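Please open the model in your viewer and keep the sequence panel beside it. The stops below say what to select next and what is found there.

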Amino acid sequence: MKMKRDIKPAVGKLGILTPGMGAVATTFAAGVLAVNNGIGRPIGSLTQMGTIRLGKRTEKRVPMIKDFVPLTNLKDLVFGGWDIFSDNMYEAAVHAGVLQKDLLDRIRKDLEGIKPMSAVFDPEYVKRLNGTYIKKGNTKMDLAEQLREDIQKFKKANNLDRAVMVWCGSTEAYIESSDVHESLAQFEKGLTENNPAIAPSMIYAYAALKENVPYANGAPNLTVDIPAIQELARKNRIPISGKDFKTGQTLMKTILAPGLKARLLGLSGWFSTNILGNRDGEVLDDPMSFKSKEVSKLGVLEYILQPKVYPDLYDNFYHKVRINYYPPRGDNKEGWDNIDIFGWLDYPMQIKVDFLCRDSILAAPIVLDVALFMDLAKRSGMSGIQEWLSFYYKSPMVAKELYPEHDLFIQHTKLKNTLRYLMGEDLITHLGLEYYDDLFV
Ligand SMILES: NC(=O)c1ccc[n+]([C@@H]2O[C@H](COP(=O)([O-])OP(=O)(O)OC[C@H]3O[C@@H](n4cnc5c(N)ncnc54)[C@H](O)[C@@H]3O)[C@@H](O)[C@H]2O)c1
């Protein structure tokens, strides 16, 4: 038996701060309030509904994850955040149109009490939105200071010891890491000099890490991928994770592709297209925001199928991803996949997937799990990139020398084994030596 790690208990309340209070953030917060009021169930959440097997199968120990690791109780969550529009969470949730109004009306008072703080925003990074509820400051360092004050005030007003930040804001324009991102010293200099390569999301992440608050990146933004922020996370011993919540079409891809590979079925092409009509779709209609999303979506197959290891099956497959803004659909996206595969003697076959999904319904439990696990990581003394949370992300962050693991099932095993490790339980590889001993008797 391994040693149980020293984990600080989850006493008191936990603040969940979301830059961005749009469809995902409101569906998440309203969902938790609905669960707490007994008018909804947290479907899709591993922390609330998942179990974990411990020890040998014969031991029959399968507790709920929330009873196994010390997680914050849903009743102890407090919500806050920022937006470029001043709508409170009730108004924003009605606007987002994901949850039905009669459900929102039953928790209206609580939702109305969650009012955004004014945002740090730069229209160069999100071209399609014109908000008015925006902070002013002479330098980006001034803006970072204002965010730090916001965090301090929020914690004080709600009597919180702990908080986590989960980016639920819009997708920013695609940028690559450059000189100003290379080290913390260069980054801080860039903040005082208003360097244009510092995106608003990076200012939020910087403020969070300075305030001892873990940061999770729900969008494909570069934010915590840069060496400067990773240096700060390590220095202050704070967990970071990302990026881009794995919902909808990419979730399907990371479920199907490992299956095709396991059965050694070849792939000649995978065409994914979808229509969505929410504000996220509007933002992604801008080519530079779409580019961030496209890069995060395209990597998936390459890593799962390993064309270099299986050139006969996966060399040169054609992979295309399209997102089309189509207002009538709102948050109810429709994603089509056409998958051209080949089998025995190269005979071609096709798979068609038509996923009528609800984007924010799939994203909300991820926000919850990520927030609770990031807090657990912090209380357990873990810092830097939390690769064990790859399960939740389209484009998982990993250490520089590693490639990301995209296979949902490997990610799932890794997550659960991390929990077992934290609690001093044996890791489960599904390969008990006794099994083999028995086979050869
Ligand atoms: N819904 C999903 O399934 C899903 C999956 C993966 C990633 N995401 C990402 O999550 C994010 C949120 O998605 P959504 O559907 O809620 O979008 P949304 O447009 O409904 O909400 C985003 C909110 O962020 C606000 N915002 C933009 N820039 C901001 C800033 N600098 N500071 C504070 N607020 C800011 C916008 O005003 C908006 O209210 C997007 O980046 C999206 O790409 C969503």
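Helices (H or I, at least four residues) and strands (E, at least two) are taken here as DSSP runs, numbered from the N terminus. Residue numbers start from 1 along each chain, as its sequence is written. The model is predicted, and local features are therefore given only where pLDDT is at least 70 and side-chain atom pairs only at pLDDT 80 or more, whereas totals for chains, interfaces and linings use all residues.

**The two domains**

Colour the protein chain by its division into domain 1 (14-245 + 361-422) and domain 2 (249-356), bounds that come from an automatic or database domain assignment. Taken over C-alpha atoms, the centres of domain 1 and domain 2 are separated by 26 Å. At the interface, 27 residues of domain 1 are in contact with 27 residues of domain 2, where contact requires that the C-beta atoms of two residues, placed from the backbone, lie within 7 Å. The side of domain 1 that touches domain 2 comprises 13 nonpolar, seven polar and seven charged residues. In this classification Ala, Val, Leu, Ile, Met, Phe, Trp, Tyr, Cys and Pro count as nonpolar, Asp, Glu, Lys and Arg as charged, and the others, Gly among them, as polar.

Select G248, which lies in helix α11. G248 is buried, with 22 other C-beta atoms within 10 Å; a residue is called buried if 20 or more other C-beta atoms lie within 10 Å of its own, exposed if 12 or fewer, and partly exposed in between, with C-beta atoms placed from the backbone. Leaving aside residues up to four places away in sequence, G248 touches K333, G335, F355, C357, D359 and L362. One of these, C357, is 109 residues from G248 along the chain, yet the two C-alpha atoms are 6.4 Å apart.

**The ligand shell**

Now centre on the ligand. Which residues come nearest to the ligand? Of the 36 residues around it, these are G20, G22, V24, A219 and R279, where a residue is near a molecule if its C-beta atom, placed from the backbone, lies within 6 Å of it. Both domain 1 (14-245 + 361-422) and domain 2 (249-356) give residues to this shell, so the ligand lies between them. By class, the shell holds 20 nonpolar, 11 polar and five charged residues. At least two shell residues come from each of α1 (23-36), β2 (77-83), α12 (279-284) and α15 (359-379), and α15 supplies the largest share, four residues.

**Helix α15**

Follow α15 along its 21 residues: from its first C-alpha to its last it reaches 31 Å, close to the 30 Å expected at 1.5 Å a residue, the expected span being 1.5 Å times one less than the number of residues in the helix. Of the 21 residues of α15, 19 are buried. After the helix comes G381, with a positive phi near 85°.

**The parallel sheet**

Next, show the open sheet of seven strands, which are paired in parallel in the order β3-β2-β1-β4-β5-β6-β11. The edge strands, each pairing on one side only, are β3 (117-118) and β11 (384-385); two strands pair if DSSP finds at least two bridges between them. Within the sheet, β4 (residues 162-167) and β5 (residues 215-217) run parallel and are joined by three bridges, and M165 has Y215 in β5 as its bridge partner.

**Backbone exceptions around β6**

Most residues other than glycine have a negative phi, and most peptide bonds are trans. R237, in the loop between α10 (227-236) and β6, has a positive phi of about 60° although it is not a glycine, and it is partly exposed, with 13 other C-beta atoms within 10 Å. The peptide bond from G242 to K243 is cis, with omega near -5°, and K243 is found in the loop between β6 (239-242) and α11 (248-262).

Finish at strands β9 (residues 334-342) and β10, which run antiparallel and are joined by nine bridges; F342 stands opposite P348 in β10. How many of the nine residues of β10 (residues 348-356) are buried? The count is zero, so to speak a strand that is hardly covered. Five residues lie between the strands of this hairpin, and L345 takes a positive phi near 60°. D346, in the loop between β9 and β10, also has a positive phi, of about 65°, although it is not a glycine; D346 is exposed, with 9 other C-beta atoms within 10 Å.
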